[in-house]
Amino acid sequence: MPPSQPEAAALFHVIDPRVFDRAQLDDLCDLTTRVRLLAKHPDGARFLLGLLPDRRAMLYFVQPSTRTFLSFNNACHVLGIRTSEIRDPATSSEVKGESFEDSIRTFSSYVDVIVMRTPRSGEAARAAELMNRIPRPVPIINAGSGQDQHPTQALLDIYTLDRSFEEQGGIDGKVIGLMGDLKRGRTVRSLCYLMKNYRGVRLVLIAPEQFALEPDVKAHLKEHNIPFVDQAKLRDVLPDLDAVYVTRMQSEWDTAGETGKVNYADYSITPGNLGRMKKSAVIMHPLPRGPEIAPAVDDDPRAVYWRQERNGMWMRVAILLKIFRADGVVRDFDISALN
Ligand code: NCD
């Protein structure tokens, strides 16, 4: 039976957020909401669990990860996908000198999708190029590659923004502050790349000078006519923001204690600055957090980062559904029939 709605473009590799258009983003957000609502109901959860029991996923996470790993692992389990994992390169044949390409090709022999996080930029793209040359390619999902990209985080961030602004006309026309280590943080780079899909968005970049957004991302924003301003201090712009996306200083990349020179107070959200924010504003963070958001802020209804974290699992379910072309049956499921 044909699906009741036209299928949006299929997904294979998920490497670079620049390939997503507005129709795909809206479709993924809609699918994420359907999954989230279905999973709340035991019959809906069982329906999801029966969708992909014949599929297997490899989670290759050789850089620290808590929520991206757990949310992908659990997203697979929501759909009945079985998982294998390598989390420490010391336990893989890479220690015997096997090349990165041979390792990835080996994983692909056993599974139907590879989700990978590596400390080196560009490696997910290399894995995808390799897949495109071999007889049995499997999709590669980039779960964070060095300092360059984290596309699935950007997708869940878009979903969180979209959901937060549901009653306010969506993301279009919003003023979004991006704060923290904008130079070395891959989540902000990826999120900037998705902004071209929304009309009238303005970005306020709040970062210490040494951690300003890189020129290549600024060039992308200019090319797509996305207005942005550099702002050294949060205090001056807080009342204008519809959303503030806070990030931590990425001290693991320090070479000479650069993070230690940052005055955190200028790049932090504390209970003291909540009074200066719009009532409808949202505070986001990809997590893990450092001192840049005081735990006391968690109780403010504008703090949505814990919901954002859980959204990550539902968005990753939606991505897997698209990759395995099981999204149509989810769209056709009548949620209102569940009681
Ligand atoms: C981010 C990452 O790994 O880039 N974490 C995550 O995936 N939620 C952000 C960070 O580590 O600062």
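1. Helices and strands in this note are DSSP runs, numbered from the N terminus, where a helix has at least four residues and a strand at least two. In that numbering, Pro288 lies in the loop between β9 (282-284) and α10, and α10 covers 305-323. The model is predicted, and the points below should be read with that in mind.

2. Most peptide bonds are trans. The bond from Leu287 to Pro288, however, is cis, with omega near 10°. Pro288 is also among the residues closest to the centre of the largest pocket, and both Leu287 and Pro288 belong to the set of residues that surround the ligand. The cis bond therefore joins two residues of the ligand shell, a shell residue being one with a heavy atom within 4 Å of the ligand.

3. Where does the ligand sit? The space that the ligand takes is the largest pocket. This pocket has a volume of about 450 Å³. Its lining counts 23 residues, and the closest to the centre are Arg117, Arg186, Arg248, Glu252 and Pro288. Two helices, α3 (67-78) and α7 (186-194), each supply at least two residues of the lining. By class, the lining has twelve polar, six charged and five nonpolar residues.

4. The shell around the ligand is made of Arg67, Thr68, Arg117, His150, Gln153, Arg186, Thr187, Arg248, Gln250, Pro286, Leu287 and Pro288. These divide into five polar, four charged and three nonpolar residues.

5. Which side chains have an N or O atom at 2.9 Å from an oxygen atom of the ligand? Thr68 is one of them, and Gln250 is another. For Arg117, the distance from a side-chain N or O atom to a ligand oxygen is 3.0 Å. On its own the ligand has 320 Å² of accessible area, and the protein covers 94% of that area.

6. The second largest pocket has a volume of about 180 Å³. The residues that line this pocket are Asp26, Cys29, Asp30, Thr33, Arg36, Tyr159, Asp162, Arg163 and Glu166. Both α1 (22-39) and α6 (151-164) supply at least two residues of the lining, and the largest share, five residues, comes from α1. The class count is six charged, two nonpolar and one polar.

7. Rolling a probe the size of a water molecule over the atoms shows where empty space is left. The structure holds two cavities of 30 Å³ or more, and the largest cavity has a volume of about 60 Å³. Its lining consists of Arg67, Ser71, Gln153, Leu156, His285, Pro286, Leu287, Tyr305, Gln308, Glu309 and Arg316. The elements that give two or more residues to this lining are α3, α6 and α10.

8. Which helix gives the most to the lining of the largest cavity? That is α10, with four residues. By class, the lining of this cavity has four nonpolar, four polar and three charged residues.

9. Most residues other than glycine have a negative phi. Asn225 has a positive phi of about 55° although it is not a glycine. Asn225 lies in the loop between α8 (215-223) and β7 (228-231).

Methods: Residues numbered from 1 in each chain as written. Predicted model: local features only at pLDDT ≥ 70, side-chain atom pairs only at ≥ 80, totals over all residues. Heavy atoms only, no water. 1 Å grid on protein atoms, 1.4 Å probe; cavity = no way out; pocket = protein on both sides within 12 Å on 5 of 7 lines; lining within 4 Å. Points joined across faces, edges and corners; volume = space filled by probe spheres on them. Nonpolar A, V, L, I, M, F, W, Y, C, P; charged D, E, K, R; others polar. Polar contact = N/O pair within 3.5 Å; in protein donor to acceptor, adjacent residues only side chain to side chain. Areas by Shrake-Rupley, 256 points an atom, 1.4 Å probe, with all protein chains shown as cover. Sits in = over half its atoms within 2 Å of the grid points.
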